[in-house]
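Please examine the model below.

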Amino acid sequence: MFKLLATIKKDFRILFRDKMGLVLMFAMPILLAVVIASVQNSTFELVNKNRIPVIIQNSDPGRVAAELEAALDKAGIFRLQEVAAVQNEEELKNRINTKDALVAIVIPAGYSENVLSKAKSVASEALDGVMQEEKENESVKPGATPPVRIYYHPVLQQSFRKSIDATLQTALQFIQSKYIVKEVYFTIHEEDIPGSLEEQIITNQTPIEEVPLSRGDSPQIPNATQHNIPAWTIFAMFFIVISLGSSIVREKLNGSMVRLRTLPTHFGLAVLSKQVTYIAVTLLQAMVIFAIGIWLFPVIGLPALNLPSHLWSLAGVTFICGWCAAGFAICVGIFANTQEQANGFGAVAVVIMAAIGGLLVPSFVMPPSFRVIMLLSPLHWCLEAFYGLFLEDAGARDILMNIIPLLVITVLLQIIAFWGLKRKNLI
Amino acid sequence: MLPAIQIKNLSYTYRGNLPEAIKDLDLQINRGDRFGIFGPNGAGKTTLMQIMTGLLPYSRGSVKLLEHEVAAGKKQIRSFFGFVPQDFSFYHELSPKENMEFFGAWAGLDQKQIQQKTDELLDVMSLTEVRNKPVYKFSGGMKRRVNLAIAVMHEPAMLFLDEPTAGVDVQTRYAIVEYLKELNSKGTTLIYTSHQLKEAEDLCNRVALIDEGKIIARNSLPELLKEHQQDGLEGLFLSLTGRAYRD
């Protein structure tokens with residue numbers, strides 16, 4: 001025990017004197033968590049609170065076009081900037097190119113007339129046989145529909161474009177339906193539809209209630225913080241590879257390991273000490289990042305982190321993730337021949353495992369071929385276990401199917417490390 | 001004389017179908033010897049030293065340290081000797097005191113013994129004033145002294161020295177050689193290898209010349225010089241191993 005404690009003490013001393021290593025292990029992931037959570041939160045707020053700036057050019061003087069504009073405004077995701085109808089589309093393109101706004105919607109001339117004639121046509125078709133005489137007199141063939149055009153800057157991401165398209169489609173559908181209903185009512189009753197009835201017919205009467213699923217009693221509301229803090233904590237844990245991997249290579253290169261092997265103590269103790277030291281580091285990383293999520297995030301305007309109700313499960317999962325991260329870093333250190341190899345391979349491997357593990361892109365959007373590879377990434381299982389705890393309020397039993405593969409990978413890494421030590425005559 | 005090290009029919013080949021690094025070698029080093037192993041680069045000196053210290057596992061022949069077979073890999077054997085590698089084999093981020101605390105624990109000393117030996121050796125090596133400074137700030141000579149101090153903390157019966165004075169000034173070399181002689185006078189067997197042949201003449205009482213994995217000469221230094229009609233180790237070395245490059 002005395003030897004182990006002396007070795008752990010030595011490892012901590014070396015660790016705390018490696019300033020750059022500490023920055024990489026603590027400052028970098030904290031910065032990542034703050035920046036990514038802020039960016040994702042801003043994106044959320046851009047859509048839901050701040051509204052997307054949109055230039056609208058209404059070339060149609062009719063009331064239907066004005067109502068379409070009003071419907072777009074009411075949709076709540078656009079901040080409309082109207083430009084005079086006399087301006088041509090070239091000017092609009094220029095304004096988008098100079099990024100005055102990233103999107104422009106052009107309502108074409110004749111839009112109102114087209115909607116009205118289409119409404120009449122549909123009404124007459126719908127009432128065919130019921131109102132035969134009137135229909136024959138009033139039947140109008142609608143002309144070709146002039147398109148409502150959307151211009152967008154190429155930097156606008158596809159997800160944004162899709163939500164803009166969907167909102168515009170809804171508004172167009174709403175206007176078209178409204179006039180069809182009006183026309184049908186007028187044809188039947190020969191008077192305008194009462195406002196209250198029109199409202200009842202064309203507005204959605206079924207409320208939507210969002211319910212986040214939860215396995216426990218205290219469901220967490222998913223937000224940028226609940227998603228990002230677990231992800232970047234795992235990333236930080238695995239990034240100990242830079243410090244631990246290169247520390248092992250340094251000991252191999254400077255001959256410390258050779259000296260240790262000539263002393264009457266089993267070399268495995270050195271590996272055990274490194275695991276203990278760096279698991280402690282990963283636990284500290286997790287505590288620091290969680291604390292920042294709980295106390296710092298609300299101060300800088302981000303949603304606060306809500307800890308899961310099963311704190312012992314959280315401690316267990318964090319420990320296993322840390323153990324796995326330490327095992328991975330030790331493997332890299334044992335097999336790398338230079339510090340450059342350890343740092344380069346270690347860092348790139350962590351980023352790749354993070355990418356395929358669903359830390360950078362949600363796993364459900366990955367192509368099917370990646371979903372198999374994803375299962376090989378320990379970061380994937382860490383993330384799934386953390387998400388179970390942070391988002392679903394799951395307990396240890398609920399996330400067992402994530403913990404078992406993680407443990408299997410961890411044990412495999414230990415076996416590989418042992419084999420590497422044997423192969424290199426270190427034990 | 002009782003043997004400190006006894007090697008019989010030792011052969012060793014590195015992986016990858018390389019030629020034999022050690023060929024059917026026999027050697028006995030007695031307790032209390034100051035034994036020098038010399039030879040050109042690639043002759044097999046380092047391989048032999050690594051086998052004797054248990055760093056390289058061998059399967060052909062026998063190597064015994066104080067009557068114990070090294071290949072058995074028992075922890076006990078490793079407490080018989082200290083090893084001073086050619087590299088600065090310690091933690092440069094740590095101070096000499098911290099290095100000695102750690103390596104002392106690994107050598108099997110308890111807290112009190114570590115404390116006592118650290119104070120004593122830092123004093124002997126004139127490192128007391130810098131005991132708490134990180135070693136990376138030290139000169140080459142100071143690092144050599146730290147390297148040596150760590151190896152003798154547990155007062156081993158044998159001390160393997162691989163180029164213990166490489167790259168140091170005359171003062172440090174003189175101090176190290178004097179310290180090694182002092183250790184030897186207290187009973188420590190020294191097994192030494194170096195390219196500093198003048199230093200070797202001063203330190204060693206018995207020598208072996210090794211070339212291409214074989215011992216080509218061994219005896220006390222005066223006997224060998226007489227036998228080959230040479231007046232120094234350098235002349236003897238060149239007369240037996242030739243002047244051609246070996247690496």
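Q: What describes the packing of helix 9 (residues 224-238) of chain A and helix 16 (residues 378-392) of chain A?
A: In this predicted model, their axes come within 9 Å and cross at roughly 145 degrees. Axes are lines fitted to C-alpha atoms, for helices over the stretch in contact, and angles run from 0 to 180 degrees between N-to-C directions. The crossing is right-handed, that is, the near helix is turned clockwise from the far one by less than a right angle.

Q: What makes up the contact of helix 9 of chain A with helix 16 of chain A, by class?
A: The contact has 12 nonpolar, 2 polar and no charged residues. Ala, Val, Leu, Ile, Met, Phe, Trp, Tyr, Cys and Pro count as nonpolar, Asp, Glu, Lys and Arg as charged, and the others, Gly among them, as polar. Including I234(A) and F238(A) from helix 9 of chain A, and F386(A) and F390(A) from helix 16 of chain A, the residues meet with heavy atoms within 4.5 Å.

Q: Why are helix 5 of chain B and helix 6 of chain B called roughly parallel?
A: Their axes cross at roughly 15 degrees; angles under 35 degrees count as roughly parallel, over 145 as roughly antiparallel, 65 to 115 as roughly perpendicular and the rest as oblique. The two helices are therefore roughly parallel to each other.

Q: How many of the residues of chain A count as buried?
A: Of 427 residues, 47% are buried, meaning under 20% relative accessible area with a 1.4 Å probe, protein chains only.

Local features need pLDDT of at least 70, and side-chain atom pairs count only at pLDDT 80 or more. Residues are numbered from 1 along each chain.

Methods
Chains lettered and ligands numbered in written order. Heavy atoms only, no water. Helix = DSSP H or I, 4+ residues; strand = E, 2+ residues; numbered from the N terminus. Buried < 20%, exposed > 50% of the residue type's maximum accessible area, 1.4 Å probe, protein only.
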